[in-house]
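Biologist: Please show me the model, and then let us discuss it question by question.

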Amino acid sequence: MRKFISILFAVVLALSVSLVTAVPVSASAIDHYVVSAISSPTVAGTAFNVTIQAQDQYNNDITAGSDAAENITISFGKPDAGAMPISTSTTNGTTTVSMAMTVAQTGQSITFTGDTSSKIGTSNNFDVNPGAWASFTISGTPATILACAAFDSPDNNITVTAFDAWGNVKNDYIGTVTWSSSAVASLPADYTFVLGNAGVRTFIGDRFRLCTVGTQTITVTDITSLVTVTSSGIEVIVPWTAPLPLDTTPPIILDISASNITETNADIGWKTNEKSNSQVEYWSSPSLFSPIDETLSYNHLVHLTDLTLGTTYRYRTMSMDSDGNLVVSDEHTFTTLGEAPAAAFSTSDLSISPSEANIGETVTISILVTNNGNLAGSYEVTLKINDVVEATKEITLDAGASEKITFTTAKDLAGSYSVAVDGLSASFTVVIPAAFSVSNLSVQPAEAQPEEAVTITVSVTNTGDKEGSYTVVLAINEVKEAQKSVTVAADSSQDISFTTSKEEAGNYNVAVDRLSGSFSVVALAKPPINWPAIGGTIAGVIAVGLLIFFLIKRKGKAT
């Protein structure tokens, strides 16, 4: 009988549990939206999906009812997001939106607000990095410049900035650029961007000289993609142009001749019909200009020196009158005396990039080698660093040909390094990159009450030679709590503080980089029950009640 009763009780209990669990629970009214996590960083112009879900106050998903469908307005923590779309709508309490941000920035977030319910959901903070490099800009060009005069510095230092397709500075652009001009010009050597440039490179103005009169431009080109950008027009004027010319008729050149020709010298003479200055353009390769003789004369004589023996030169004479009217003659030729060497080499255009490198970073050293002779030949180029031979390269060139020779090197010690390549010299510097250490962990207070603020502080030290940025990550009980980025100058320190609070009592382990500490949260103690006082109060009430009772009873007997 007892066994039968036990079995019957078990069956009844099982049916009760089944009935309880079968009761459906419906979500109540919408309380908020939950937003799916957004990866950080995203890339400008690259689409990503965000899902939102309506939930009630108990975090149950809302999938039906009047709250399960409404229009959603999308807004951003930083309004200059450059993002689409700006609205959507939910069906069955949820929707997934494909979005793309076009403004590079840090700490962006997305908020979704129901137009009917006014309930919101906000995403995590995320960063947006620039997209792929797409273009350059050139800034700093002068409006007007004298022919062959250097651009003013710093007013006309030329800045090249790399951008992505959405106008964000491409701060990790590392391409190599080369300069060209519509004018006969002297321009900076090729330059390879490094990460330290952050997409922006300023070239000193005195590296730019435009020698062709008129409206000219300078152009910078990425040598890999051949993407170019050209400056606005620069008016190149001759130094002696009068504001109000008295006439517009240039001089007439007569009786051009070359005389007193030797192995390395020649005199070029000519006459003009009015007083004017004197200059000669001459070349075998490349074109050269004699200094301008500002003396105004009818008879002109220019003495050319440092010529190559046995070489045919082409030349043109140039004269300008006092009113700025320039005349340039037709081409003429002369040949220096002697027999030209089989091959005669010269070097020029020594360039070093970058001029300041990190330890172990590759430094590129290039030089232009030209064969000025009449026959092909070979030439050995020797690179010396700090007066020690670093490398040699042999090059074979046809007569009149030029070729750029490139060496690469990397140094493991910080310091200044002198570079010498066949009589040309320059230098570069190697510095210690930004290097960070974290110290001095402080957790205050060590014991806190529930929801009391606890401040966690560390010192970030940059022991390198260059400014840099470092991200400090705070973890509590091995879970990432927060992170902050800080930019620290070379050989400097900066404190970073985090603030947190906890509701539950207990011990909390703090970790920042390799540093560790802890704090505890202690619940407020309940005051003890004062049983003697309570007992005394009850006894007093009883005594008073008995006293009143006896007084009433006594009064009744008296009556």
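Biologist: How many residues of the lining of the largest pocket are nonpolar, how many polar and how many charged?

Modeller: This is a predicted model, in which local features need pLDDT of at least 70 and side-chain atom pairs count only at pLDDT 80 or more, while totals for chains, interfaces and linings use all residues. Residues are numbered from 1 along each chain as its sequence is written, and side-chain values use heavy atoms, with hydrogens and water left out. A pocket is an open set of points on a 1 Å grid over the protein atoms alone, where a 1.4 Å probe fits and protein lies on both sides within 12 Å along at least five of seven lines; lining residues have an atom within 4 Å of a point. With Asp, Glu, Lys and Arg counted as charged, Ala, Val, Leu, Ile, Met, Phe, Trp, Tyr, Cys and Pro as nonpolar and the others, Gly among them, as polar, the lining divides into 22 nonpolar, 20 polar and 7 charged.

Biologist: Which strand gives the most to the lining of the largest pocket?

Modeller: The largest pocket has a volume of about 1500 Å³, taken as the space filled by probe spheres set on the points. Of its 49 lining residues, those closest to the centre are Ser 186, Leu 187, Ser 348, Asp 349 and Leu 368. A strand is a DSSP run of at least two residues, numbered from the N terminus. The one that gives the most, with 8 residues, is E30 (residues 345-353).

Biologist: Which peptide bond to Pro 354 is cis?

Modeller: Pro 354 is placed in the loop between E30 and strand E31 (356-358). With omega near -5°, the cis bond runs from Ser 353 to Pro 354.

Biologist: Which residue is the bridge partner of Tyr 508 in E45?

Modeller: Two strands pair if DSSP finds at least two bridges between them. Strand E44 (residues 506-512) pairs in the antiparallel sense with strand E45 (residues 515-521) over 7 bridges, and with strand E41 (residues 468-476) over 3 bridges. In E44, Val 510 is the bridge partner of Ile 476. For Tyr 508, the partner in E45 is Phe 519.

Biologist: Why does Thr 161 count as buried?

Modeller: Thr 161 is placed in strand E13 (residues 158-164). Leaving aside neighbours within four places in sequence, Thr 161 is in contact (heavy atoms within 4.5 Å) with Ser 135, Phe 136, Thr 137, Val 169, Gly 199 and Val 200. Thr 161 counts as buried because its relative accessibility is 10%.

Conventions
Helix = DSSP H or I, 4+ residues; strand = E, 2+ residues; numbered from the N terminus. Buried < 20%, exposed > 50% of the residue type's maximum accessible area, 1.4 Å probe, protein only.
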